[in-house]
Amino acid sequence: MTDGPALPGTGVRRRAVVTAAAAGAALSACSVPPPRRTDPAPDPAPGQPVSTGRRALLMQILAHPDDDLYFMNPDTRVALDAGTPLVCVYLTAGEADGLNKIPGRPRPAPDKAAYSSARHQGLRQAYAALLGLGPFTPWEISVAELGAGHRAEVNVLAADGRRVELVFLNTAMHTGRHRLGLPSLWQDRRLVLRTVVAAGSPLRRAGSYTYDGLIGVLAGLMESYRPTVVHTLDPDPDIQHSTEAVRRRDSEQRGYSDHADHTAAACFAWAAMIRWVARATADGGRIPGFVTAAYRGYYNRHWPKNLPQGVLARKAAHLVPYGGSPDWDCGNPSGCGDYNVGGDRPLTNRKGWVRSTHHRYPGTRTVLAAEPDGRLAAYAVLGLRVVRWLETGRGTGVWGAPDDLGGGPLAPVLGSAHTRDGRLLLFGLRFAALGGHGADNDREIVVLEQSAPGGGFLPWRGLGTPSPGRDEGRRIGVPVAAAAPDGRVHLFARNAEKGLSTRVRDGSGRWSAWRDMGGGEVQDGLSTAVDGGGRVHVFGAGHHAVHHWTQDAPGTGLTTRTQLTAAPVPAHAPAALPAPDGSVTLHYRPAAEGGVTTVRAGTPVPGAPFDGYGPVRAAPSPRGPVLLGRTAEGLVQLLRVDGLLVREDGPVALDGASLHIGPDGRPTVAGLGPDAAPWMWRPL
């Protein structure tokens, strides 16, 4: 066993760094049941100092080897290509039933240690390829001491200034055959979950984790590596009613559209982030400067695919070295990959997981608003809390220091609207409670209201949930809002039934109760518009068409309308803009296509080329609509009447960039980079 090289920028050996951090963060994992947790509660009050100027680092917390390749790419690849160091933490050994099945060959004898080792080898092959190296490039393999008796195998590969670390916690994997795993650890206070020692690992003996011990180790890893971006799986998958035969065939947990390990791994990850922030800020310390993204898993099977052919082919190609082949000479006696995943099988698998990359919380990360003095303000979730950056001067394009507005722990996107007198309303999805062992696990919509245009803010206010119920309340979507000319602000959120619910704020500031608006099932990530007649519209991406809700007249309630079946099936919710004739024009990417469809009065019309992937945003300007999106390589691009512009300089953009049109008609795009710092682009 050897110590690994120093973590970037620390000058301290890996074992010493991880041990020192985890020793203070991890609680004892020896007693059963574990001791009552004494972490400080998350404090939503504003005014904490914010950590800034940190070097970019992406940490991904996965349930199984291959979750990152199936569900988080191409985002992971874009970050790596930009030089962002990557740390992947795998909570389970991925050993399943121990069968590394080779298509077309006899069934092998089960060997869980060997299958875990083969999947680790597959990851090494895949990430070597992602770094542009040969699949059998040697890695440095060592053991890290994580505190409280926990140890993990760590694999490191660095080349040309880029770096990947794989951390294997290797807890026993949950299966459908009554074997305990992460879901049981999340639920059962008495459980101690054993680890699996992969064949050939420098680890020589199995360990164990309790609920609190696993959260402590994850929080310790966060404190030591100090990531600026954290990727997780989906903590609150959709309710999915399938027959038992279909559920088993699709590897989904009973009642929900994902693997039970994915859900538990995401809950442990979010609990660890909440613990990290709460401990860092307990005595007036700085808020850790990081942003989050959560990714849907087996959800991808149930909705239209959202990756165009070129992006899909590149994503699927990275699973080929992970799957490997029994005929390869990789140097690992236990196997050269997860054989059932190799070749063209990710593309031919009927489940189609690889064909989409869906964010659990889609929408705008960065809300842009103009101050009374002409400067721009940017609002975003940083360290699970809302912060604000102000432009240093009108038109400078330079952001000042962040100002903490509190509110956490929040999901990573925000909704917004302005009252008739110009005050900003910010809406977030809050983790009101997140705990295992039968504790409360609640989500709620919250609002932060400006006291005066350009002024301070009133205290955060809870607006409840459109889906009351112990389980249903977790399944709600991110809030979006629209301000009507009559002074009302309409708030919308996807509910647990995958439909649409609303609350309305009247001109005096009073909120109505939540109301289910009916209609069919839609994905999260809604869009709104107000037409020339003052009517509010909402659009969502359904299974087979764009869904539409609107008013018969201004001031009346919104109701569902005929689905836009004459237009292509949408990959994402459309961007909506009021048209000069009083209607609403839509712009969106069709399912599995890279171009953009434009729909006027319910009819598709030819549009300008705007190839890429991911959602499209739009804003009106004096010279015509401006579209914002991503190229096939993940770069930010703008489409204006006078042509296409691509942002090729500055930090790579995370998802959820926002578009603002100034009084002079000039567009401004802002977002967050992998260092969790805001950037601004004002093309000439």
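**Reading strands, cores and salt bridges**

Me: Which residue in strand 23 stands opposite Thr528?

Reply: Val538 stands opposite Thr528. Keep in mind that this is a predicted model, where local features need pLDDT of at least 70, side-chain atom pairs count only at pLDDT 80 or more, and totals for chains, interfaces and linings use all residues. Residues are numbered from 1 along each chain as its sequence is written, and side-chain values use heavy atoms, with hydrogens and water left out.

Me: How many bridges join strand 22 to strand 23?

Reply: Start with the terms. Strands (E, at least two residues) and helices (H or I, at least four) are DSSP runs, numbered from the N terminus. Two strands pair if DSSP finds at least two bridges between them. Here, 4 bridges join strand 22 to strand 23, residues 536-541. The two run antiparallel.

Me: In what order do the 4 strands of the open sheet come?

Reply: The order is 22-23-24-25. The pairing is antiparallel.

Me: What do strand 3 and strand 4 form?

Reply: They form a hairpin, with 2 residues between them. Ala148 sits in the turn and has a positive phi of about 55 degrees. Strand 3 covers residues 140-147, and strand 4 covers residues 150-159. They run antiparallel, joined by 7 bridges.

Me: Now the inside. How many residues are in the largest nonpolar core?

Reply: In soluble globular proteins, nonpolar side chains tend to be buried together. A nonpolar core is a set of buried Ala, Val, Leu, Ile, Met, Phe, Trp, Tyr and Cys residues joined through side-chain atoms within 4.5 Å. The largest one here has 122 residues. Tyr127, Leu169 and Leu218 have the most contacts inside this core. Helix 8 (residues 260-281) gives the most to the core: 13 residues.

Me: Which residues does Leu218 touch?

Reply: Contact means heavy atoms within 4.5 Å. Set aside residues up to four places away in sequence, and Leu218 touches Ile61, Val89, Leu91, Leu169, Phe268, Ala269 and Ala272. Another core lies apart from the largest one. This other core has 14 residues, among them Ala369, Leu405, Leu424 and Trp460.

Me: Where does Gly595 lie?

Reply: Gly595 is in the loop between strand 27 (584-588) and strand 28 (597-600). Now check its accessibility. Buried means under 20% relative accessible area, exposed over 50%, and partly exposed in between (1.4 Å probe, protein chains only). Gly595 has 22%, so it counts as partly exposed. Leaving aside neighbours within four places in sequence, Gly595 is in contact with Tyr588, Arg589, Pro590 and Asp611. Take Asp611: it is 16 residues from Gly595 in sequence, yet the C-alpha atoms are 4.5 Å apart.

Me: How many salt bridges does a search of the whole structure find?

Reply: A salt bridge is a side-chain nitrogen of Lys or Arg within 4 Å of a carboxyl oxygen of Asp or Glu. The search finds 41.

Me: With which residue does Asp236 form a salt bridge?

Reply: With Arg443; the closest N and O atoms are 2.8 Å apart. Asp236 lies in the loop between strand 8 (229-233) and helix 7 (244-249), and Arg443 lies in strand 16 (residues 441-449), so the pair ties together parts 207 residues apart in sequence. Asp236 is buried, at 1% relative accessible area. Arg443 is buried too, at 4%.

Me: Arg350 and Asp250: which parts of the chain does this pair link?

Reply: Their side chains meet in a salt bridge, 3.0 Å from N to O. Arg350 lies in the loop between helix 11 (345-348) and strand 10 (367-370). Asp250 lies in the loop between helix 7 and helix 8, 100 residues apart from Arg350. Arg350 is partly exposed, at 45% relative accessibility. Asp250 is buried, at 1%.

Me: And Asp421: what is its relative accessible area?

Reply: It is 47%, so Asp421 is partly exposed. Its salt bridge partner is Arg423, at 3.0 Å from N to O. Arg423 counts as buried, at 12%. Elsewhere, salt bridges that share partners join Arg77, Asp81, Arg162, Arg314 and Glu633 into one network.
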